[in-house]
Amino acid sequence: MAASPALPLVRSLVTGHPPYRAPQAEVREAARTLFPRMAARPHMLDVFDNAQIDSRALSRPLEWYLEPRGFGEKNAVFVEEARALTVRLAREALERADVTPAEVDAVVVVNTSGLSTPSLDAYLIGALGLNPHAARLPVWGLGCAGGASGLARAADLVRAGFRRVLFVAVELCSLTLVKGDESKSNFVGTALFADGGAALVVTAADVPGPPPLAALHGAFSTLIEDSEDIMGWDVVDDGLKVRFSRDIPTLVRSMMRENVAQALAGRGWSRDDVGTFVVHPGGVKVLAAYEEALDLPPGALDTSRRVLAAHGNMSSVTVLFVLEEVLRGKPLGQGLLSAMGPGFSAEHVLLSFGPLD
């Protein structure tokens, strides 16, 4: 049976980074200057090794972060680098999808690590010559869950009648580092956070173009009651100060089996139907918790581990890097893309890979 014309299809996916990169060993040494009291505590620097990150991209050279920077200065860098990165990635995504800028009828932009008003989608429309009548959906504040949620919203727009949707996520998490903040949250964030972006084109099934990378069959969102303390930003004079509270791996173990079952049941799927899991690598302990909660076989989330090692945690963008890596293996059948983020929330997207018929 042919796919319904309204079935949302991913036609292209492009990822990329700002221009600078630092090995984890160098970031670990920089932490001695940034946080002398925390670094002097026994075993605290082990968090950089335990993160199992080899290197990560940055918006500025590593030495730039060793000086105090105010919110205004850091946010100006965010706007400059986010604009440059999203334009480059979006242009390539449109080219790969055989979609001209004037054909784009909706734009979704996700970020949480900086502020821009007018929003980044408005800048993209002008810089790329997109349809000036395109629907605009800027999404801010979902953190690591934003990549999954943004993909779901792009699919919703296709189901609503928009035929060619550009979805862009960009996060410059390194700019949230607060020099001299000796809190454990800021210290751990320095060991994990990185910068990157992704751009996708999602179209209706009857739009001409290259073979689809994936079909999007639905989504499922869960906001966990009384959980806003788990993760977020505290806005301070020096910028967006990261907040981590409760144990996220423990939360995953306690809720994810039932939550995934609910997500799949809404589409009439079961856990046994899903052969591919695309999971945001919030950290190695989070991935281990997913494997335990879902009874995944050994190696099922190795792609997520490889992305974490090569790129660090880029908040919303990271799960899209994982999807890109999964697609290189040419998967078949049904899949589930999952991420968690501030709220505290869980976001799932149901996908299928391979021929539509």
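P118 sits in the loop between β4 (106-111) and α5 (120-128). In this predicted model, the peptide bond leading from T117 into P118 is cis, with omega near 5 degrees. Another cis peptide bond joins G343 and F344, where omega is about -5 degrees. F344 also belongs to a loop, the one between β12 (333-341) and β13 (345-353).

**Positive phi angles**

Two other loop residues are worth a visit. D98 is not a glycine, yet its phi is positive, about 60 degrees. You will find D98 in the loop between α4 (71-96) and β4. S315 likewise has a positive phi, near 55 degrees, in a residue other than glycine. Its place is the loop between α10 (302-311) and α11 (318-328). Are these residues buried or exposed? D98 counts as exposed because its relative accessibility is 53%, over the 50% cut-off. S315 counts as buried because its value is 7%, under the 20% cut-off.

**Salt bridges**

The model holds 17 salt bridges.

| Pair | N to O distance |
|---|---|
| E73 and R69 | 2.8 Å |
| R96 and E92 | 2.6 Å |
| R163 and D206 | 3.1 Å |

In the pair formed with R69, E73 is partly exposed, with a relative accessible area of 35%. R96 and E92 both belong to helix α4 and are four residues apart, about one turn of the helix. R96 is partly exposed at 44% relative accessible area, and E92 is partly exposed at 29%.

R163 and D206 form a salt bridge that links distant parts of the chain, 43 residues apart. R163 lies in the loop between α6 (146-159) and β6 (164-172), while D206 lies in the loop between β7 and β8 (214-223). R163 is partly exposed at 32% relative accessibility, and D206 is partly exposed with a relative accessible area of 42%. Elsewhere, R28, E29, R32 and D49 are linked in a network of salt bridges.

**Around T203**

What surrounds T203, leaving aside its neighbours within four places in sequence? This residue lies in strand β7 (residues 195-203), and its contacts beyond those neighbours are L7, P8, L9, R11, V158, R163 and R164. One of them, R11, makes a polar contact through its side chain with the side chain of T203, at 3.3 Å. Another, R163, is the salt-bridge partner of D206. T203 is classed as buried because its relative accessible area is 1%, under the 20% cut-off.

Key
Residues are numbered from 1 along each chain as its sequence is written. This is a predicted model: local features need pLDDT of at least 70, side-chain atom pairs count only at pLDDT 80 or more; totals for chains, interfaces and linings use all residues. Side-chain values use heavy atoms; hydrogens and water are left out. Buried means under 20% relative accessible area, exposed over 50%, partly exposed in between (1.4 Å probe, protein chains only). A polar contact is a pair of N or O atoms within 3.5 Å; within protein, one must be able to donate a hydrogen and the other to accept it, and residues adjacent in sequence count only if both atoms are side-chain atoms. Contact means heavy atoms within 4.5 Å. A salt bridge is a side-chain nitrogen of Lys or Arg within 4 Å of a carboxyl oxygen of Asp or Glu.
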